[in-house]
Amino acid sequence: MPAPRPDIRIHNRLAVLRAERGMSRQELADSVGVNYQTIGYLERGDYNPSLALAFQIAAHFELPIEAIFSPEPFAPMSAALYSTTRVGAGA
Amino acid sequence: MDSTRAAASDIELPRRIRRPLAVVAMVGYPAAVFCWTIGQTWLGLPPAIGGLAGLALILVTLFAMWRIYEFRSHLAQAPDAQLDERQVQIRDRAYLDSYRIFVGVTLVALVVAGLVPGILGRPLTLTFDLVNWFVMGAVLISLALPSAVVAWREPDLAD
């Protein structure tokens, strides 16, 4: 019998990417073929997307999938852009 | 799925309204049958009052069932083609939980029906009307149960 599956939360940068491009949830939802409420659930981390939906979103934003979704929390954009030390390096 | 159409027809109800509606949809019919049967025969409820109260309860129940059925574009009853992957998960989980609830409640009802007459010292006579009401209730509640589960469980939309 397989071991119980741990609840893994998939973090994402959907809200930031959508804001950057000035898109509404409805527009993003229409382009990837889901209900606009699902985009809200994804952004709040209340729902983990399927692999197919994650790839569709990545293709829509023309970014690699790991730039949008990650099992680890993303560092704030400002830290990634301006920090002189690597975030999460433990130093 | 046609998300534009789904968004346009979405009917939102806050959870503080949805949950009472879900409860009414589930207990309204048994309460009406109680008014028509046991309330009159065992508790001595006047037939006119029992009949009117039962009818009012049925109308309220049907209203509650309609409202929760309409919630989020008939999410609990919609086919796959009208739903996205998250909505399909919600609907399927609601059906599974509905099955569990229905089986559990039916078993409890059968046990209660077997015990209560003995405790109260009154026989429970199985008439055609009683069986008819039970079957109608089972059909009505089983149809509305997935909608009630979704209406009860879904969080309010936060922005």
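This is a predicted model: local features need pLDDT of at least 70, side-chain atom pairs count only at pLDDT 80 or more; totals for chains, interfaces and linings use all residues.

A:Glu62 sits in the loop between helix 4 (51–61) and helix 5 (65–68) of chain A, and, although A:Glu62 is not a glycine, its phi is positive, at about 55 degrees.

Elsewhere in chain A, helix 2 (residues 25–32) and helix 3 (residues 36–44) have axes that come within 8 Å and cross at roughly 105 degrees, so that helix 2 of chain A and helix 3 of chain A are roughly perpendicular to each other. On the side of helix 2 of chain A, the contact is made by A:Arg25, A:Gln26, A:Leu28 and A:Ala29, which meet A:Tyr36, A:Thr38, A:Ile39 and A:Gly40 of helix 3 of chain A. The residues of this contact comprise four nonpolar, three polar and one charged.

In chain B, the axes of helix 2 (residues 15–36) and helix 6 (residues 128–153) come within 9 Å and cross at roughly 170 degrees, which means that helix 2 of chain B is roughly antiparallel to helix 6 of chain B. The residues of this contact divide into 14 nonpolar, one polar and two charged. Helix 2 of chain B contributes residues including B:Arg18, B:Arg19, B:Leu21 and B:Tyr29, while those from helix 6 of chain B include B:Trp133, B:Gly137, B:Leu140 and B:Trp152.

Key. Residues are numbered from 1 along each chain as its sequence is written. Chains are lettered from A and ligands numbered from 1 in the order in which they are written. Axes are lines fitted to C-alpha atoms, for helices over the stretch in contact, and angles run from 0 to 180 degrees between N-to-C directions. Helices (H or I, at least four residues) and strands (E, at least two) are DSSP runs, numbered from the N terminus. Angles under 35 degrees count as roughly parallel, over 145 as roughly antiparallel, 65 to 115 as roughly perpendicular and the rest as oblique. Two residues are in contact if their C-beta atoms, placed from the backbone, lie within 7 Å. Ala, Val, Leu, Ile, Met, Phe, Trp, Tyr, Cys and Pro count as nonpolar, Asp, Glu, Lys and Arg as charged, and the others, Gly among them, as polar.
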